Every structure is written in C-alpha cells, then in structure tokens.
Amino acid sequence: GDNGEINQNTNKHISWSFRERKKFFDIVTYTGTGANAQISHDLGSTPGVIIVKKYSAGVKDWYVYHRNLTADYYLELNETTAQRANNYSGTAWNGEPTSTYFTLGDGGTNGNGASYVAYLFAHHDGDGVFGPDENQDIIKCGNYTGNGSSTGPEIDLGWEPQWILTKSSSDSYNWQIYDDMRGIVTGGDDAWLEPNTNDAEASSLNWLDLTPTGFAIKSSLAAVNKSGDNYVYIAIR
C-alpha cells in the first residue's frame, strides 16, 4: 500500500521473514484470562525466546522471555529498561516454558479478555534438524558477559550468523539489530537498528565482527559491552 511506514517514496525499508517451522519459529494467538495460565504451542522444542504483544484495545508493551534472564523476569522490546519481575498489575510469566506450552502470570501478558500474539523462537544446542542431513543448528538464544574492552567477548555459535539481536539485561540501554544484508563489516562500521526507537538506521560504529563460528564484540560502548553486564541475544544462521 501507500503507507509511509512500509512504503515511503524513495526510502529504504528492511524486513525479516521467519518460516513457521518446528524447532525454529512458531506463532500463537490467545485470549487472556487475568490469572496464571498455560498456552500450548507447536514449536516442537523448548523456546529460547518468546515475544508477546497485546493486539486488542489498550496500549501494552512487547514482553520478551529469554532463557538467560532471571526466572520469571522479562524485557520489553519497546523499552530500554533492564530485566524486571513485575509489570502493571502482576507478573508476565509463571514458570519456565516447555516443549509443549508456555506459562503466563497475571500481568501484561494476560489481561482478562484481551487478545495476544506470541512469537516463539527455538534454541539449538547440537539438536538442530536443518541442513541436507537434518542435523544442523541454525538459531541460538544465548548470553555473554561484557568486559568493557574493544577486544570484547567472542561468542561461539558453531556457525556464522546473518541476523543478530542483542540487549543488556542488566542496564537500560537500547536493543540492537544487525544483519548481513544491511552490512556487518569486519573491522569497519556496522549498520544497526534499535527496535525500541523510531530512529533511522545508523552506521558510524564498529559494534561487532562476524566469524566463521559466531561473532565477536568490537566495541567498549555500554549498549553491547559494559564490563560485568549480562547481554542476551538471538542469532540466526
């Protein structure tokens, strides 16, 4: 259509498409109950990340479960805040997800009568089912600890990623999205977007380098590498 947010004349746009496939990605919609609940899913494995958004009337945040957050804590994809336990009237989660369901608390992920969509991403650890022999990993939801140096942590995924999402769970810093289509330059400036802002793409800093087995942090800036902070990520092959 002619909406400027997706088709502004002469502007550049980026989209990421995820196949709804067992042990990779699943989409679930549900109606909130206002009380602790279990929601079934068809991911076929225990989710590494779950992103939930209310889509009926009333403004609510994007709630993010990540396997490397403190139990029952969450991040907000539209905010800079560090991980937190409580939201609005209650909690977002009520226990760890399983290969068949995820658990809701009584807060912003589960308002009584409200409609929600959940996006579930798998986590592989030598148990992926992709590639010609159906034995390859293609997605990891992990974490690293910052060291505050331009020679930052090197994350071993076992393969080279093409899409990376990162966020400090310890402090209030922006989310960062990188992909090889827009450019992750070895030893040079990388293109990044911040899903919690409406800012245009920027590309004036060397945040990270791709490696044949993962990625290496190349900045001492707090958004990706404050000493002692915990950073969570999704990386897709």
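Tutor: Strand 11 and strand 17 (residues 214-217) pair in the antiparallel sense over 3 bridges. Two strands pair if DSSP finds at least two bridges between them. Strands (E, at least two residues) and helices (H or I, at least four) are DSSP runs, numbered from the N terminus.

Student: What should I know about the model and the numbering?

Tutor: This is a predicted model, in which local features need pLDDT of at least 70, side-chain atom pairs count only at pLDDT 80 or more, and totals for chains, interfaces and linings use all residues. Residues are numbered from 1 along each chain as its sequence is written, and side-chain values use heavy atoms, with hydrogens and water left out.

Student: Which residue is the bridge partner of I155 in strand 17?

Tutor: That partner is F215. The open sheet here has 3 strands in the order 11-17-16, with antiparallel pairing. Strand 11 (154-156) and strand 16 (208-211) are the edge strands, each pairing on one side only.

Student: Is I14 buried or partly exposed?

Tutor: I14 is partly exposed, with a relative accessible area of 33%. I14 lies in the loop between helix 1 (4-7) and strand 1 (25-31).

Definitions and conventions:
Buried means under 20% relative accessible area, exposed over 50%, partly exposed in between (1.4 Å probe, protein chains only).
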